[in-house]
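Here are some exercises to work through with the model open beside you. Try each task by yourself before you read its solution.

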Amino acid sequence: MKNVLVTGGAGFIGSNFVHHMLKNHDYNIINIDSLTYAGNLDNLKDVENDSRYTFLKVDIRDREAITEIFEKYDIDTVVNFAAESHVDRSITDPEIFLTTNVIGTQTLLDVAKKFWKVNPDDKYSTEYKEGVKYLQVSTDEVYGALGKTGMFMETTPLSPNSPYSASKASADMVVRAYHETFGMPVNITRCSNNYGPYQFPEKLIPLMINNCKSGKQLPVYGDGMQIRDWLHVSDHCNAIDTVLHKGVIGEIYNIGGNNEKANIEIVKLIIKTLGKDESLIKYVKDRPGHDRRYAIDNTKITTQLGWAPKYTFEQGIAETIQWYLENEEWMDKITSGDYMKYYDNMYKKA
Ligand code: NAD
Ligand code: DAU
């Protein structure tokens, strides 16, 4: 039985991953999350009484608390999802992105190193306990933007454009350095845009579904022709599970499903599925530094580790729209109070 520390497990992908792990493995899952605006324990209601699951409200920058957790739960695996994750918020308030995404990552690595090294006081020793691993959940945004052609490979130079992606790229560099200098057993995964249940409605797909359902305007940035490579969150969780169990130590794996769509196509598909009118679309001011196109080359993970996505986009998006329609209460709870303040600030001048 493994003792897996999942950080940020109350967020979108983290909560899907907690569900995935409890369903597919008999491991202890210790979920730590500081419950920012994006953390929501409602995402985990159905597992809160599972004896293999523990939730602790902890910030990944809190070294003392992380140390206590490693001691008490004998952690042998870390999957780090915890992050400030929204590009638009990183444009208004970059600092928290640096402290959480970079310093938080370094804190986790440092505590893990102390507990996992066979001789923690010997700075030259690179011997680690059997079976331990640190997995950093990163993003394709660290590679920057593509033109009309080409794809991101694991060897593509990092060229982040937003404070968010710069903080994620910095964290990747710290993970790499802990592997190179201290021999830490690590993997980094870099995934494309996720969609699916429990995504916070500041992100394109849940925001558009929610607005469209209630007949509100659909704010499309710039010309709406920016391209994202969409992957269902359960395929992402499966890929992380695969890297955790089969990934070669020190390696980076790109994750994506060859599913490029322009934003405007997605918006029009949501309008059509909900039986609304395209007059709801409102083209607004573009996001500063907006990356034009992302596309992942997934050859390494598919050929070397045997992972492949299960969802087609058509099936995944239909199920996702249905999920948001059936979980109105979940959405209504989030989209009151602070969310409305954020929404007004973000979109009123656009
Ligand atoms: P999210 O914003 O939905 O969730 C982030 C979670 O981290 C929240 O529960 C939040 O409370 C928690 N958190 C934030 N700061 C924390 C801190 N200091 N200490 C502890 N917990 C903290 O994000 P998401 O979309 O689920 O993304 C999860 C991870 O996956 C991120 O690292 C992100 O960079 C990466 N990623 C996301 C996508 C995507 O499309 N959403 C794609 C590729 C990679
Ligand atoms: O590529 C992976 C990344 O995908 C993750 O690392 C990030 O955490 C995640 O937030 C996501 O980043 P994006 O910026 O691509 O996602 P977002 O949902 O914010 O926007 C998707 C596209 O839609 C982007 O081109 C901007 C556009 N957009 C977004 C919003 C919120 C709009 O046109 N209107 C909007 O209101």
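**Before you start**

This is a predicted model, in which local features need pLDDT of at least 70 and side-chain atom pairs count only at pLDDT 80 or more, while totals for chains, interfaces and linings use all residues. Residues are numbered from 1 along each chain as its sequence is written, chains are lettered from A and ligands numbered from 1 in the order in which they are written, and side-chain values use heavy atoms, with hydrogens and water left out.

**Exercise 1. Work out which residues of helix H6 are buried, and what covers them.**

Step 1: Helices (H or I, at least four residues) and strands (E, at least two) are DSSP runs, numbered from the N terminus. Buried means under 20% relative accessible area, with exposed over 50% and partly exposed in between (1.4 Å probe, protein chains only).

Step 2: List the residues. Ile-205, Pro-206, Leu-207, Met-208, Ile-209, Asn-210, Asn-211 and Cys-212 are the buried ones. That is eight of the 10 residues in 204-213, so H6 is largely enclosed by the rest of the structure.

Step 3: Find the cover, using contact (heavy atoms within 4.5 Å). It includes strands S7 (194-195) and S8 (218-221), along with helices H8 (263-273), H10 (313-326), H11 (328-334) and H12 (338-347).

Step 4: Look past the helix. Gly-215 follows H6 and has a positive phi, near 70°.

**Exercise 2. Count the disulfides, and check Cys-191.**

Step 1: Apply the rule. A disulfide is a pair of cysteine sulfur atoms within 2.5 Å, and the count by this rule is zero.

Step 2: Check burial. Cys-191 is buried, at 4% relative accessible area, and Cys-212 is also buried, at 0%.

**Exercise 3. Describe the surroundings of ligand 2.**

Step 1: Gather the shell, where a residue is near if one of its heavy atoms lies within 4 Å. There are 24 residues around ligand 2, and Asp-140, Tyr-164, Arg-287, His-290 and Tyr-347 are the closest.

Step 2: Look for polar pairs (N or O atoms within 3.5 Å; within protein, one must be able to donate a hydrogen and the other to accept it, and residues adjacent in sequence count only if both atoms are side-chain atoms). A polar side-chain atom of Thr-139 is 2.7 Å from a ligand 2 oxygen, and one of Glu-141 is also 2.7 Å from an oxygen of ligand 2. A polar backbone atom of Pro-219 lies 2.8 Å from a ligand nitrogen.

Step 3: Assign the elements. H6 and S8 each give two or more residues to this shell, and S8 has the largest share, three residues.
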